[in-house]
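Reader: Hello, I am new to this structure. Please pick a single part and take me through it closely.

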Amino acid sequence: MTKKTFFFIALVINGALAFSNTVSFQDDNYTGTVTYNETARPGDAVFARMNVKISKTLKKKNAPDTAASLILMKGNRKIDSAQFYFFNQKAKKQPAAEMLASIPVSLWTVPDSHYSLKIIFTAGVTPEKEIILPFKVEARSFNSEVLDLDERNSGIKQNMTAERMAQIEKLNNILETVMPQDIYSLKPFVHPVKSERMTAYFGDKRVYKYTDGQSETSYHYGHDYGVPEKTDVYACADGRVVMSEFRISTGWSIVIEHLPGLYSLYYHLSSPDVQENDFVRQGQKIGLSGSTGLATGPHLHWEVRLNAAAVTPDFFMRDFTFSSSDGQK
Ligand SMILES: [Zn+2]
């Protein structure tokens, strides 16, 4: 297939959303826009929203079946990619298609300016098109902390039983699942408890010291809210409950799916109020906080995963789907 780079009409910085850019493109067959965040830090994500209108001439020739993918590049090397999904299933058969794609920028990404985004776009029989977008990964600093684990918590961390391994595999399988039709929420997330007092943050570098003298270093994958036992916990956005069960390491745990590949996780609850396959609304009470599983005291651990990678919860408290920038829902 021949590839052709779209001609850039304009580069518009949207004043209302400092972190988003809108790029317009057009040729004989299409006109459209891409809105995306041009910068990210390790642990953030990149979201791209694309509106495409197909010309009358092309529409007459066929019923275009639009498809597009988003690719994160470093130089000429492909780092990661994702398919665009449609806001509704009818849209891809219609002349105006509205789609969204997202890629996590992992905690291990090396910040520099040699990154770019590539969109590969096709509509039925027309040749593939490429759109190249500037993209930058900025530096971020991380806190460090040492946690001396007691006998019970050391035991949990070093638990290699088949039961715990099966629990880890089950959760990983859920978090790796990307269902293009599962679009439950396009709104910014809200805090999962009324208090905003946090005792640990996403990206904290942690050294866990075990009672046997061994240690392990890892990143903290979520925010910890220092709330007392039995504090109400709320869904951060509309979604479908895909897990509500007791796990050895994370205690009573709830996982909610919000968008294809996008999940929020709530750990160490004293009790859950929801079951698998329940639909929940943003701000709906889903359980009570606690200290079940590996916990040195009562708190809520709140985590966000995108395509299995742990991502900054704060990123999702902005208009990350660019829903308010184009006057459409
Ligand atoms: Zn935590």
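Author: Gladly! Let us begin with β16 and β17, which pair in the antiparallel sense over five bridges (strands pair if DSSP finds at least two bridges between them; strands are DSSP E runs of at least two residues and helices H or I runs of at least four, numbered from the N terminus). The model is predicted, so local features need pLDDT of at least 70 and side-chain atom pairs 80 or more, while totals for chains, interfaces and linings use all residues. Residues are numbered from 1 along each chain, and side-chain values use heavy atoms, without hydrogens or water.

Across this pair, Arg206 has Ser218 in β17 as its bridge partner. Five residues lie between the two strands of the hairpin, where Gly213 takes a positive phi near 90°.

A pocket here is an open set of points on a 1 Å grid over the protein atoms alone, where a 1.4 Å probe fits, with protein on both sides within 12 Å along at least five of seven lines; lining residues have an atom within 4 Å of a point. Its lining counts 34 residues, and Tyr208 and His301 are among those nearest the centre. The largest share, four residues, comes from α3.

His301 also coordinates the zinc ion, together with His220 and Asp224, at 2.0 to 2.1 Å (donors are N, O and S atoms within 2.8 Å of the metal, or 3.2 Å for Na, K and Ca; water is not among the atoms, so sites may look incomplete). Asp224 in β18 and His301 in β26 are 77 residues apart.
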